[in-house]
Amino acid sequence: MNRRTTLAAVIALTAGLALAGCSSDGKPELKVSGAFMPQPVSDMAAGFLTVQNSGAGADRLTSVTSDVSDDITIHESKNQTMQEVKTFDVPADGELDLERGGNHIMFMKLKQKPKQGEKVTVELRFEKSDPIKVELPVKEPTYNPKKH
């Protein structure tokens, strides 16, 4: 009986250390969902998505690149005005929402106007995490997803 108890304790301790190593090392674990771009009506467009961070460490979105434009910035909206920012925080165990009427990606001087049904590929760059490639499906100009 004593040998079984010791073995169970060793297994429990090993499993606990393995789990602690995965979750408490302070690293961000990022995943992107809900990405879309309303079909542009001019030579500018906006992109929207959610970056979910299930990790114990925070990160920052620092830039966005894409073949559709050489001039891509990130903007925050406050008090009905839009202004460019250098980074967006992605909190530990939280999310960064880029959504209509709020923070978003801004594409200026489009090389070509993507049409509804097409996809625009972007690369999100972060302070700590590896870049993430995301496809933004192009939706109708008035598209606004329902929040759950």
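Hi everyone. Let me start with one cut-off: a residue counts as buried when its relative accessible area is under 20%. Please keep in mind that we're looking at a predicted model.

With that in hand, take Val-64. Its relative accessible area is 7%, so Val-64 is buried. You'll find Val-64 in strand E3, which covers residues 59–66. Which residues does Val-64 touch, leaving out those up to four places away in sequence? They are Ile-72, Ile-74, Ile-105, Val-122, Glu-123 and Leu-124. Look at Val-122 in particular: 58 residues separate Val-64 and Val-122 in sequence, yet their C-alpha atoms are 6.6 Å apart in space.

How many does the structure hold? The count is seven, and I'll walk you through some of them.

Glu-123 pairs with Lys-133, with 3.2 Å from N to O. This pair links distant parts of the chain, since Lys-133 sits in strand E10 (residues 132–139) and Glu-123 in strand E9, 10 residues apart.

Next, Asp-89 and Arg-60 form a salt bridge, and their closest N and O atoms are 2.9 Å apart. Asp-89 is in strand E6 (residues 88–90) and Arg-60 in strand E3, so this pair ties together parts 29 residues apart in sequence. Asp-89 is partly exposed, at 47%, and Arg-60 is partly exposed too, at 32%.

Then there's Asp-70 with Lys-111, a salt bridge at 3.1 Å, N to O. Here both partners are in loops: Asp-70 lies between E3 and E4, and Lys-111 between E8 and strand E9 (119–126), so the pair ties together parts 41 residues apart in sequence. Asp-70 counts as exposed, at 69% relative accessibility.

Now for the backbone. Where does Asn-79 lie? It is in the loop between strand E4 (71–78) and strand E5 (81–85), and Gln-80 lies in the loop between E4 and E5 as well. Phi is near 50 degrees for Asn-79, a positive value in a residue other than glycine. For Gln-80, phi is also positive, near 70 degrees. Asn-79 is exposed at 75% relative accessibility, and Gln-80 is exposed at 84%.

Last stop, the second largest pocket, with a volume of about 190 Å³. It is lined by 14 residues, and the closest to its centre are Pro-38, Gln-39, Met-44, Ala-45 and Ala-46. Strand E2 gives the most to this lining, three residues. By class, the lining has 10 nonpolar, three polar and one charged residues.

Methods:
Residues numbered from 1 in each chain as written. Predicted model: local features only at pLDDT ≥ 70, side-chain atom pairs only at ≥ 80, totals over all residues. Heavy atoms only, no water. 1 Å grid on protein atoms, 1.4 Å probe; cavity = no way out; pocket = protein on both sides within 12 Å on 5 of 7 lines; lining within 4 Å. Points joined across faces, edges and corners; volume = space filled by probe spheres on them. Helix = DSSP H or I, 4+ residues; strand = E, 2+ residues; numbered from the N terminus. Nonpolar A, V, L, I, M, F, W, Y, C, P; charged D, E, K, R; others polar. Buried < 20%, exposed > 50% of the residue type's maximum accessible area, 1.4 Å probe, protein only. Contact = heavy atoms within 4.5 Å. Salt bridge = Lys/Arg side-chain N within 4 Å of Asp/Glu carboxyl O.
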